[in-house]
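Hi,

Here is the structure I said I would pass on.

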Amino acid sequence: MVIADISLREIKKARAKIALYEASLSLMEDKMFHEVMLEDICRQAEVSRVTFFKFFPKKEDVLVYFMRVWLTERIIEIEQEKKKGFDAIRHLLYKVAEQTKVTPGILPSLISFLAEMRMHPHLQELSEAEVRLLFPDHEEVGSSTPDLYKIFQTSMEHAEKTGTLKDGISLDRAVKVLFTIFYGSFLTAQQYASTDIIGFYEIHLQLLEKG
């Protein structure tokens with residue numbers, strides 16, 4: 001990873017922002033995000049409150065930053081492993097299940113925030129220093145803001161072309177169902193007090209995929 005062409009000031013800013021993000025995740029191991037104190041995040045990251053709000057105007061913006069980084073990591077994996085169609089969708093969903101084992105509160109915290117704001121997350125653009133620190137050797141993908149809609153649409157276009165999408169389901173409808181699966185299946189699993197999140201994803205993928 002070469003960062004010699006980036007100013008020291010920009011590198012320090014990027015490292016401080018990433019430190020806040022990583023501290024937030026580590027403090028969420030057994031908590032919801034609203035239970036994590038801002039003071040604890042700043043203390044662990046060794047960054048001041050003033051600096052925190054320079055990077056994240058609202059505390060919950062850390063959740064959106066998480067989605068930005070997490071989605072980019074998944075896109076890199078999907079491209080490297082050449083996954084397409086329902087294989088790409090499964091990779092994404094199974095990684096949600098894996099992440100939940102590490103930080104159980106992250107997705108419900110994100111869903112709660114998005115529901116409260118009545119919005120789909122507007123993912124942040126990253127500085128060149130952030131991209132190089134977060135995604136070494138994958139700067140081109142890392143510098144592009146990920147689009148969950150595009151991931152779903154591209155995957156369903158491939159599924160339609162290869163005949164794995166059920167007959168009579170339009171691409172638009174398939175994408176809407178995938179958003180419902182992405183967020184809703186997770187919440188349904190929680191309502192059933194089930195740790196088998198993948199099982200709930202698979203039940204709902206049957207609505208779209210030919211058997």
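Below is what turned up, going from the whole chain down to single residues.

Before anything else, keep in mind that this is a predicted model.

Read from the N terminus, the elements go α-α-α-α-α-α-α-α-α-α-α. The chain's radius of gyration comes out at 18 Å, close to the 17 Å that the globule rule gives for 211 residues, so the chain is as compact as a globular protein of that length. Along the principal axes, its C-alpha trace spans about 55 × 40 × 25 Å.

Buried residues account for 48% of the 211 in the chain. As for contacts between residues at least 6 apart in sequence, 71% of them join residues at least 24 apart.

Next, have a look at helix H1, which covers residues 8-26. With 19 residues at 1.5 Å each, H1 should span 27 Å, and its end C-alpha atoms are 26 Å apart, which agrees. Its buried residues include Ile11, Ala14, Ile18, Leu20, Tyr21 and Leu25, and Lys17 is on that list too. What do the buried residues of H1 pack against? They meet five helices: H2 (38-45), H3 (49-55), H4 (61-80), H6 (106-117) and H7 (128-134).

Another pairing to find on screen is H5 (residues 85-102) with H9 (residues 148-162). The axes of these two helices come within 7 Å and cross at roughly 145°. On the H5 side, the contact is made by Gly85, Phe86, Ala88, Ile89 and Leu92. Facing them in H9 are Leu148, Ile151, Phe152, Ser155, Met156, His158 and Ala159. Sorted by class, the H5 and H9 contact has nine nonpolar residues, three polar ones and no charged ones.

Finally, two loop residues to check for their backbone angles. Lysine 82 sits in the loop between H4 and H5, and its phi is near 55°, a positive value in a residue other than glycine. Is lysine 82 buried or exposed? Its relative accessibility is 67%, so lysine 82 counts as exposed.

Alanine 193 is the other one, in the loop between H10 (171-191) and H11 (197-205). Phi of alanine 193 is near 50°, again positive in a residue other than glycine. Alanine 193 has a relative accessibility of 71%, so it counts as exposed.

Cheers

Definitions and conventions:
Residues numbered from 1 in each chain as written. Predicted model: local features only at pLDDT ≥ 70, side-chain atom pairs only at ≥ 80, totals over all residues. Heavy atoms only, no water. Axes fitted to C-alpha atoms, helices over the stretch in contact; angles between N-to-C directions. Helix = DSSP H or I, 4+ residues; strand = E, 2+ residues; numbered from the N terminus. Contact = heavy atoms within 4.5 Å. Nonpolar A, V, L, I, M, F, W, Y, C, P; charged D, E, K, R; others polar. Rg over C-alpha atoms; globule rule 2.2 N^0.38 Å. Buried < 20%, exposed > 50% of the residue type's maximum accessible area, 1.4 Å probe, protein only. Expected span 1.5 Å × (residues − 1).
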